[in-house]
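Me: I have a structure open that I have not looked at before. Can you walk me through it?

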Protein chains: 6
Amino acid sequence: MRVQVINPNTTESMTALIEASARAVAGPGVVVEAVTSPMGPASIESHYDEALAVPGILAVLNDADAHVLACFGDPGLDAARELAAGPVVGIAEAAMHAAMLLGRGFSVVTTLSRTRGRAHDLAARYVPPGACRGVHACDIPVLELESDPAARKEVVALARHALDHDDSDVIVLGCAGMAGFAAEASAELDVPVIDGVAAGVVLAQSLVTLGLRPSGRGEFASPPPKAYTGLLREFTPS
Amino acid sequence: MRVQVINPNTTESMTALIEASARAVAGPGVVVEAVTSPMGPASIESHYDEALAVPGILAVLNDADAHVLACFGDPGLDAARELAAGPVVGIAEAAMHAAMLLGRGFSVVTTLSRTRGRAHDLAARYVPPGACRGVHACDIPVLELESDPAARKEVVALARHALDHDDSDVIVLGCAGMAGFAAEASAELDVPVIDGVAAGVVLAQSLVTLGLRPSGRGEFASPPPKAYTGLLREFTPS
Amino acid sequence: MRVQVINPNTTESMTALIEASARAVAGPGVVVEAVTSPMGPASIESHYDEALAVPGILAVLNDADAHVLACFGDPGLDAARELAAGPVVGIAEAAMHAAMLLGRGFSVVTTLSRTRGRAHDLAARYVPPGACRGVHACDIPVLELESDPAARKEVVALARHALDHDDSDVIVLGCAGMAGFAAEASAELDVPVIDGVAAGVVLAQSLVTLGLRPSGRGEFASPPPKAYTGLLREFTPS
Amino acid sequence: MRVQVINPNTTESMTALIEASARAVAGPGVVVEAVTSPMGPASIESHYDEALAVPGILAVLNDADAHVLACFGDPGLDAARELAAGPVVGIAEAAMHAAMLLGRGFSVVTTLSRTRGRAHDLAARYVPPGACRGVHACDIPVLELESDPAARKEVVALARHALDHDDSDVIVLGCAGMAGFAAEASAELDVPVIDGVAAGVVLAQSLVTLGLRPSGRGEFASPPPKAYTGLLREFTPS
Amino acid sequence: MRVQVINPNTTESMTALIEASARAVAGPGVVVEAVTSPMGPASIESHYDEALAVPGILAVLNDADAHVLACFGDPGLDAARELAAGPVVGIAEAAMHAAMLLGRGFSVVTTLSRTRGRAHDLAARYVPPGACRGVHACDIPVLELESDPAARKEVVALARHALDHDDSDVIVLGCAGMAGFAAEASAELDVPVIDGVAAGVVLAQSLVTLGLRPSGRGEFASPPPKAYTGLLREFTPS
Amino acid sequence: MRVQVINPNTTESMTALIEASARAVAGPGVVVEAVTSPMGPASIESHYDEALAVPGILAVLNDADAHVLACFGDPGLDAARELAAGPVVGIAEAAMHAAMLLGRGFSVVTTLSRTRGRAHDLAARYVPPGACRGVHACDIPVLELESDPAARKEVVALARHALDHDDSDVIVLGCAGMAGFAAEASAELDVPVIDGVAAGVVLAQSLVTLGLRPSGRGEFASPPPKAYTGLLREFTPS
């Protein structure tokens with residue numbers, strides 16, 4: 001089984017991090033194919049970045065058995081589902097579903113404050129009202145998570161605050177760049193701390209094992225063919 | 001006052017239709033600037049089309065006093081709000097808000113069945129649960145609305161069915177390509193029939209008159225500058 | 001175009017304030033007809049006051065092209081819609097719709113604590129769950145807003161607190177008596193601050209421009225004629 | 001214990017019907033005080049009627065131990081709670097609460113189609129989403145329910161349809177004028193059929209027995225005193 | 001009329017307390033039959049306890065006219081409704097319904113923190129979103145409520161905190177063991193304080209007076225007969 | 001890794017069916033331990049059956065790495081989470097989560113009509129409003145699913161009807177006894193058809209792979225020790 005893990009931004013070092021997190025949980029016989037977006041923003045920290053990350057995702061989508069979109073905004077998820085032959089899982093989606101199986105209410109710990117609205121939108125789409133109890137931002141930019149030696153500590157401190165403030169019992173890490181923090185944070189906080197990349201890979205795998213792919217009935221059927229022009233003409237659906 | 005009306009697809013004849021609908025309601029002293037997207041799909045009928053219509057919208061956004069996104073999926077609305085200096089209004093948003101002021105519950109009449117999910121998503125974002133009572137598709141492709149002489153009749157018949165089936169009292173036209181149908185349909189059905197393009201223009205104008213622009217607090221502040229690469233490098237935010 | 005702006009309480013000085021706010025945004029060719037309720041309470045600060053303000057509103061409703069009910073409780077809105085030939089807009093309704101177009105979540109700043117429940121009820125009717133993030137009271141009585149020189153400052157301070165406490169990005173002023181505070185508060189707080197009177201006037205105008213009036217299908221049709229007796233016999237519908 | 005049962009319309013014969021329904025369930029030692037509104041509409045079949053029924057209710061509210069508002073629109077409930085010393089119960093409120101204790105989902109069977117919106121509004125206020133499964137109108141005017149010999153049969157037939165259509169298991173009668181139909185309908189349909197007048201009386205009684213009255217904290221405290229003028233000056237709160 | 005009040009735990013002293021609370025509000029001619037569960041946990045403070053309290057409830061359910069389940073988790077309510085000939089009321093259900101008739105929003109004050117999730121689940125089932133404004137735990141074990149002389153004071157202090165924190169206006173006592181605290185707490189806090197046992201008894205009585213019993217249509221019909229084996233074979237439904 | 005799959009009813013042939021479905025998807029190195037409840041009902045078709053199936057589940061819960069509760073009512077899930085050392089997944093929960101990853105809205109196809117309420121309750125707990133579009137019953141008793149040669153055909157026909165009626169794009173099989181129908185139904189209907197047993201096993205496995213177990217913070221901590229008496233004394237928690 002081949003699982004493609006797409007880093008929707010163009011930063012190779014972040015792809016490496018994501019790949020490591022994915023490989024750590026991939027089952028025997030599962031080939032992880034990590035790929036970096038060939039176009040668009042170096043990190044995704046605004047609606048603008050997110051919108052312009054989607055073409056890169058659609059450009060690299062291949063014929064793997066399943067796909068994981070490794071950015072917590074789940075950019076382009078619906079479009080990718082129309083295009084792909086196999087299941088497509090977003091990491092916010094995967095993490096929130098996993099959180100629901102482990103506790104009564106979760107808090108999201110994310111990077112910039114301005115991205116909290118998107119996290120709330122996704123929670124409204126994926127989980128029942130009240131399951132996502134809060135979204136908290138450490139205000140460390142995505143690309144500094146790795147380089148800033150204090151980042152891990154700050155994220156754990158914020159998660160601890162979130163558990164108390166929100167009266168929650170599970171932590172969801174709100175950025176692919178935090179993938180490496182889950183185990184340590186879980187040990188320190190003594191609650192489940194969920195990395196969406198790992199969760200996305202095991203869920204994608206699970207759907208392939210079940211023999212299931214996105215419904216082709218109606219909305220997620222292949223996009224109808226039509227003319228595309230200008231800078232984006234190479235995206236013409238056939 | 002300048003109001004930019006953006007046709008997110010690349011079909012010029014549709015821009016002309018949208019422009020006519022906009023000019024018909026623009027106030028004295030309001031300059032309507034209609035513009036066609038320079039890239040991407042000829043019509044928007046899938047999540048894939050919609051995702052690839054967003055870069056074109058962001059590319060043409062200018063320094064007008066307000067902006068209207070003239071596709072019923074409201075593509076790229078959040079990203080445009082981050083980028084624009086003035087208010088940005090989507091036509092689904094405008095039509096649904098107007099509908100709420102005129103009746104208890106509205107039905108949406110749209111083009112392809114596969115776009116109904118998007119309409120429901122937007123309703124969940126804009127209006128209280130229960131306000132949008134149904135979304136009905138005539139399954140006429142967007143670009144045939146104009147050319148198909150039977151289209152108008154079919155849309156009106158579908159609206160009549162929707163009013164009865166959904167127990168609604170207002171009709172929202174779910175495609176910019178239906179802009180020309182509103183007056184006649186309203187007369188025939190004896191309920192408000194709302195064209196989002198016209199609604200969008202008067203709402204955008206209203207916000208400018210009120211001296212209001214999108215909140216710059218948090219989420220809709222200008223996108224942070226960063227590197228953009230590949231095909232989309234011209235979108236680098238500064 | 002004639003827009004009637006009804007002050008549902010009997011205090012003339014408040015009508016003058018409302019009229020000024022309305023005229024400031026009325027378009028060219030729009031005649032603002034401000035009117036004071038001829039009966040009932042001098043200000044509206046309880047469910048009791050609100051109930052007894054409704055007959056006065058219905059008594060003065062005229063044949064203007066549109067009507068604005070200038071009390072934040074939107075008293076008698078449904079009844080007025082049945083009676084009027086043109087659109088009727090409440091100022092809470094108008095302000096909340098405008099807020100939705102400008103940010104992700106708004107806070108309401110109002111007068112007496114006891115009116116907060118009504119504001120929450122209206123939010124539940126007009127906007128999706130979560131859009132109204134909080135309702136805060138300064139506990140200055142309605143009729144002291146104008147005379148109390150400290151009122152403006154207190155309202156702005158409360159709005160600042162609300163933005164932080166509620167994590168909101170737009171302020172809605174929850175009383176027609178605060179109409180004069182919007183511009184200054186917006187400048188100080190650097191977020192949109194919405195006066196419902198002004199918002200109501202531009203929205204009412206917009207609906208007239210669109211050629212739309214309340215749906216006569218079902219619930220908002222003219223009230224059926226019948227006998228009325230006693231003190232209220234002059235209200236007999238014909 | 002004295003329980004005041006207020007008929008919010010001015011039709012004496014309907015008060016007699018309501019009184020009979022109330023007396024049939026009043027406990028030993030409970031004095032039912034039925035009263036007809038001294039002003040306003042002869043029946044309540046529009047938002048306009050309802051608004052103009054409220055002053056009459058407030059005018060007759062006495063010093064009984066509890067009060068029942070015997071119109072299915074629960075007109076003036078909040079205002080009456082501010083004014084009364086004891087509990088105030090609306091019959092829609094009472095019927096819907098009782099329905100929740102007896103089944104999973106109820107249907108409302110009411111008079112005119114145009115009143116269905118109000119029933120839905122009340123359900124949204126009183127019960128969780130999904131509990132009220134439908135509101136069905138027989139389109140027999142309120143004052144013909146008694147005189148029309150076929151009315152009872154039509155209401156039962158409509159209730160039977162509602163149970164099947166809505167997949168509900170309890171019927172709520174949506175008009176005080178249907179008070180006499182409950183027992184027979186229940187026998188015929190073999191599901192609980194709830195008359196709000198009877199339900200209101202036993203619930204009001206129950207609250208008195210429990211020694212409970214509306215919370216005076218905040219919103220339901222006595223209305224603040226102020227000037228009232230014109231036709232309604234006799235309503236001046238003291 | 002016979003009303004059976006079931007203590008779902010096995011502690012006789014708690015049954016005595018519940019019985020006293022029930023008798024204090026039972027109407028003339030109402031026989032209160034208090035009974036202690038013959039099997040299972042001595043108190044109910046976990047999902048595990050609650051699950052294992054249900055067989056005992058079902059074992060003692062008799063042919064009374066109505067039944068009250070006197071544990072705030074309302075254990076086994078649906079199953080008891082299938083089995084009983086008359087109405088069955090849970091005390092959380094009764095208390096929450098009563099609270100809705102007396103104020104705008106209530107807070108629950110309960111025993112152990114770990115039971116708050118169950119209280120929220122029940123609120124979601126019984127009342128509209130937003131009616132239950134908070135659930136607060138004093139962390140005094142159920143069986144120490146009676147013996148700990150400081151318990152009453154702590155519960156009142158917690159209720160006072162809850163009213164302010166939640167901006168609520170009614171208190172619901174979240175444990176049958178607090179039945180004796182209601183009157184005193186209500187006097188001290190000057191808001192309605194509701195004991196579910198008393199509320200349950202008067203509601204159960206009310207339903208009998210109305211001649212209503214759980215709907216037998218569908219879900220609450222008698223359980224279908226089938227084989228039961230092992231330890232629980234005595235529960236075989238016939 | 002050991003995954004315990006618990007059949008909550010006492011019918012051995014159904015355990016065999018469940019075991020086969022579980023083994024078909026278990027990963028390499030995963031040991032499936034299927035077990036039949038030692039007490040209680042032969043099948044679960046009422047709230048009464050469900051309540052009395054819970055003790056059997058709790059009695060057999062062992063020290064496996066994860067547990068699957070193989071009855072679509074997810075009986076005893078919260079209690080099992082308190083007791084187990086590893087993750088516990090219900091099959092309704094698993095199937096609904098999987099459905100959310102594959103389409104926009106699902107329909108449940110189940111056995112007896114009277115169990116539909118439970119399915120709706122679970123959907124309200126697991127997925128956002130609107131995701132579960134309908135619950136349809138074939139009214140074939142659980143234990144006849146296997147023996148009735150027409151059952152498979154009827155279930156597929158009902159699923160086809162559900163897709164059209166509910167405008168859904170995924171089918172969830174609402175009974176462990178339908179485990180064998182998924183593949184064939186999926187092929188015939190050309191949409192994902194989800195068997196909760198298989199979905200439960202892969203999800204449980206996934207959580208173990210992620211190193212996650214139910215949060216011990218608060219509600220799902222081990223039940224507090226206390227006295228248990230009577231028939232259930234062997235369940236005394238230690």
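Me: How many salt bridges are there across the interface of chain F and chain E?
Reply: The rule finds 6 salt bridges across that interface. A salt bridge here is a side-chain nitrogen of Lys or Arg within 4 Å of a carboxyl oxygen of Asp or Glu. Before going on: this is a predicted model, where local features need pLDDT of at least 70, side-chain atom pairs count only at pLDDT 80 or more, and totals for chains, interfaces and linings use all residues. Residues are numbered from 1 along each chain as its sequence is written, chains are lettered from A and ligands numbered from 1 in the order in which they are written, and side-chain values use heavy atoms, with hydrogens and water left out.

Me: Which residue meets Glu45(F) in a salt bridge?
Reply: Lys226(E) does, with N to O at 2.8 Å.

Me: And how many residue pairs are in polar contact between chain F and chain E?
Reply: The count is 28 residue pairs, both residues at pLDDT 80 or more. A polar contact is a pair of N or O atoms within 3.5 Å; within protein, one must be able to donate a hydrogen and the other to accept it, and residues adjacent in sequence count only if both atoms are side-chain atoms.

Me: Which elements of chain F give two or more residues to the side that touches chain E?
Reply: They are strands E3 (40-41) and E10 (228-229) and helices H2 (47-60), H3 (77-83) and H5 (116-126) of chain F. H2(F) provides the largest share, 8 residues. Helices (H or I, at least four residues) and strands (E, at least two) are DSSP runs, numbered from the N terminus.

Me: What area is buried between chain F and chain E?
Reply: About 3600 Å², and carbon and sulfur atoms give 61% of it. Buried area is the accessible area (1.4 Å probe) that two parts lose on being put together, summed over both. On the chain F side, Tyr48(F), Arg114(F) and Leu231(F) lose the most area to chain E, together 22% of what that side buries.

Me: How many residues of chain F are in contact with chain E?
Reply: 42 residues of chain F, with 42 residues of chain E. Contact means heavy atoms within 4.5 Å. Of the interface residues of chain F, 100% are also interface residues in chain E, so the copies meet through the same surface.

Me: New topic. Where are the domains in chain A?
Reply: Domain 1 covers 2-90 + 199-235, and domain 2 covers 93-196. The bounds come from an automatic or database domain assignment. The contact involves 26 residues from domain 1 of chain A and 28 residues from domain 2 of chain A. Their C-alpha centres lie 21 Å apart.

Me: What do the two domains of chain A bury between them?
Reply: About 2100 Å², 58% of it on carbon and sulfur atoms. In domain 1 of chain A, Leu17(A), Glu45(A) and Phe72(A) lose the most area to domain 2, together 35% of what that side buries.

Me: How many salt bridges are counted between domain 1 and domain 2 of chain A?
Reply: The count is 3 salt bridges. Elsewhere in the text of chain A, Arg118(A) forms a salt bridge with Glu50(A), with the closest N and O atoms 3.1 Å apart.

Me: And how many salt bridges over all chains?
Reply: A search of the whole structure finds 90.

Me: How far apart are the nearest C-alpha atoms of chain B and chain E?
Reply: They are 12 Å apart, and the two chains do not touch.
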